[in-house]
Amino acid sequence: MSTYGAPHSAAASVSGDGSRPSPSTTMPLLEVRDLWVRFRQGDRQVWAVNGLSYELFGGQTLAIIGESGSGKTVSSRALMGLLPETATVTGSARFDGEELLGLSDQEMRQHRGADLAMVFQDPTRSLNPTMRVGNQITEAIRTHLPLDRRAARERAIELLRLVRLPSPRQRFFEYPHQLSGGMRQRVMIAIALAADPKLLIADEATSSLDVTTQAQIMELLLDLQGQLGMALIMISHDLGLAASFADEVIVMYAGRAVERASTHQLFAHVRMPYTEALLEAIPRIERPSHSPLPVTPGRPPDLTTLPVGCPFEPRCSRARDTCRETSPPFEEQEPGHWWACWYPCDDGGSG
Amino acid sequence: MSTSTPALGADRRVSHGLARALRSPSLRLIGRRLAAAIPVLWGVTLLTFLVLNIMPGSAAQQLLGADATPEQVRQLEAELNLDQPAWVRYWEWLQGVVTGDLGNSIASGQPVTTIIGQRLPVSVELVLCAIIVSLAFTVPLALMAARRPNGIVDRLSMVLSMTGLSIANYVFALVLVVVFAVIFPVLPAIGFVPLSDGLLGNLRSLILPAIAIGFPLFCFYTRFLRGDLVEQMRGEDYVVTAKAKGVGPWRVLIRHAFRNSLFGLLTIVGLNLGTLIGATVIIEQIFALPGIGQELLQAINNRDAVVVQAIVLLLAVVVVVANLITDLLYAVLDPRIRYGQRSA
Ligand SMILES: Nc1ncnc2c1ncn2[C@@H]1O[C@H](COP(=O)(O)OP(=O)(O)O)[C@@H](O)[C@H]1O
Ligand SMILES: [Mg+2]
């Protein structure tokens with residue numbers, strides 16, 4: 001596969017950032033190959049993820065960006081075996097060399113929380129309203145670590161301190177509704193960190209928070225990542241968010257990757273018209289933070305049928321006949337830069 | 001501390017506590033609900049009174065039997081104060097009730113409070129046993145059914161529930177008697193052994209009636225709880241969080257989903273109490289249990305308006321209070337209500 005040589009050239013293109021561990025000498029922490037997810041829905045199929053591939057090295061940050069419904073959540077939950085029974089998952093996802101897809105639920109449970117952990121979009125609904133937050137953290141700790149009650153509680157309080165929750169010893173005994181939205185998300189992060197995961201997936205972790213809190217939680221996640229040396233997958237609909245922190249960006253559309261590059265390279269030379277549209281839609285200060293993105297006219301495609309041509313073609317201003325007839329392959333077209341487009345944007349004099 | 005504090009301080013503390021209690025939302029809730037219940041209760045007594053008056057026959061006639069001459073009946077009616085217009089008697093009875101006097105039975109002359117005092121404990125015990133029996137089977141079965149929706153346990157429990165919900169409870173009671181008292185004579189078919197004569201005999205005499213009342217409840221509760229658990233396991237984000245921690249499926253079901261289902265279950269049990277009490281009237285009759293339901297039927301037969309009205313009023317009060325207690329328990333158990341919502 002052409003993508004196999006990727007890490008080498010990708011690393012080379014992260015110019016001016018020499019602090020990264022050299023990927024060529026290590027195995028990727030996570031290697032996703034040709035991931036497909038479809039849902040049974042009545043007598044129809046929903047093609048939610050269609051041949052997604054990427055790899056992620058320890059300690060790195062990957063941003064997965066795309067409009068709502070592009071398959072970001074489904075593709076990441078597939079890795080953790082958290083999809084409903086109506087989902088069919090195929091492909092491969094190797095974590096630390098071990099294949100995750102096809103593991104039994106019991107085998108998968110050894111990895112959930114311990115190796116891969118997740119922070120979700122809505123901290124209010126993601127915490128159990130009838131349990132004290134402390135117990136929700138110790139539950140995660142004691143599921144994986146051989147600690148007794150008291151030791152687990154001390155660790156939980158330590159984690160609450162780590163996520164910078166004020167007066168952690170009191171907060172331990174409170175219920176979720178006694179905390180603010182930002183505090184709840186801190187608790188969710190504490191839960192995710194309970195057993196020292198190697199990979200943290202933050203699925204729109206800041207999207208339901210107000211702007212100020214958003215920035216604080218972002219900063220916290222990045223600090224923690226540096227401090228604990230985890231890999232981080234940051235899922236968002238906001239390309240602007242990715243610009244500020246990620247090492248690498250994958251842009252998804254209709255369940256597939258349509259562009260992938262190091263952050264630096266992506267912002268310097270956007271190739272895919274969809275990414276360009278996203279870039280133009282980055283919220284400006286004068287616009288309220290979560291107003292619907294005026295990405296580009298038209299709606300995301302119907303996922304119940306697989307299109308013959310490029311899925312973005314109906315909304316694309318550069319589309320021609322080829323785009324309707326054949327789907328462009330997602331390939332490494334420049335060193336460290338993948339895209340799927342027959343007529344990519346030209347920034348004039350690069351390459 | 002209390003020795004050095006003069007009585008005045010303690011006094012002030014008490015009155016302060018009282019003032020705070022009066023301002024507390026739950027006390028105000030109780031007050032409002034009780035006030036709203038008064039017209040309902042009054043309406044219930046009025047309706048009972050009207051129905052009793054439409055029914056043919058009088059208490060004096062019932063007491064004297066069919067052979068009595070009209071002269072004898074009239075004489076007894078005068079003795080029992082039944083010759084006054086019906087609404088006057090109702091008005092006098094109502095006045096008595098407001099002052100706490102439920103009057104005396106027309107048939108036996110005993111104070112109604114005495115009669116209720118004798119009969120009520122039997123019914124209360126029966127109802128409690130029925131609820132305990134039904135919940136004791138509901139919880140494990142619903143958990144097993146929800147663990148694997150459409151699995152074998154789920155399907156069997158569905159069939160069982162549908163059977164139980166479509167069979168009349170007196171028919172089911174007769175089946176129980178035939179099976180456990182006639183074919184396999186392991187339990188008494190009828191009669192009641194009071195608690196003072198030994199716990200074992202007491203419970204043995206209540207098992208069949210409790211099951212007869214509890215089985216349809218069990219079916220209903222099981223359907224509800226199973227549905228609620230499955231819905232949570234499929235739809236709630238905190239269930240996903242628990243799974244993402246690596247917590248095992250049983251633990252997710254019990255510690256996360258069931259814990260949240262308890263509130264709904266509690267409400268169902270509380271709201272269902274009226275139906276449950278209705279069932280005891282028939283079941284007490286079938287199993288010859290000297291409870292309040294049996295007394296009610298007897299009093300209706302006797303056209304004993306005083307006793308009928310008192311019992312109907314009592315049952316209405318029980319239902320109103322049970323609903324109120326359900327709401328309060330909810331508030332005590334659910335941390336969201338206990339601490340008052342504080343939003344971000
Ligand atoms: N349980 C499900 N059954 C059917 N379709 C689903 C299910 N979950 C997600 N989908 C569909 O999969 C697509 C991708 O969803 P998702 O990954 O949640 O998008 P997002 O990029 O916003 O996270 C959407 O079209 C969504 O409707
Ligand atoms: Mg999503």
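Begin by selecting Asp237(B) and Arg125(A), which form a salt bridge (a side-chain nitrogen of Lys or Arg within 4 Å of a carboxyl oxygen of Asp or Glu) with their closest N and O atoms 4.0 Å apart. This is a predicted model, in which local features need pLDDT of at least 70 and side-chain atom pairs count only at pLDDT 80 or more, while totals for chains, interfaces and linings use all residues. Residues are numbered from 1 along each chain as its sequence is written, chains are lettered from A and ligands numbered from 1 in the order in which they are written, and side-chain values use heavy atoms, with hydrogens and water left out.

Across the interface of chain B and chain A the rule finds 5 salt bridges. Next, colour α10 (237-244), α11 (249-271) and α15 (335-338) of chain B, helices being DSSP runs of H or I with at least four residues, as each supplies at least two residues of the side that touches chain A. The largest share of that side, 7 residues, comes from α11(B).

Now move to ligand 1 and select Gly69(A), Gly71(A), Lys72(A), Thr73(A) and Val74(A), which come nearest among the 14 residues around the ligand (a heavy atom within 4 Å). A polar side-chain atom of Thr73(A) lies 2.6 Å from an oxygen atom of ligand 1, and a backbone N or O atom of Gly71(A) lies 3.1 Å from an oxygen atom of the ligand. For Ser70(A), a backbone N or O atom lies 3.2 Å from a ligand 1 oxygen atom. Finally, show α2(A), from which the largest share of the shell around ligand 1, 3 residues, comes.

Note on methods: A polar contact is a pair of N or O atoms within 3.5 Å; within protein, one must be able to donate a hydrogen and the other to accept it, and residues adjacent in sequence count only if both atoms are side-chain atoms.
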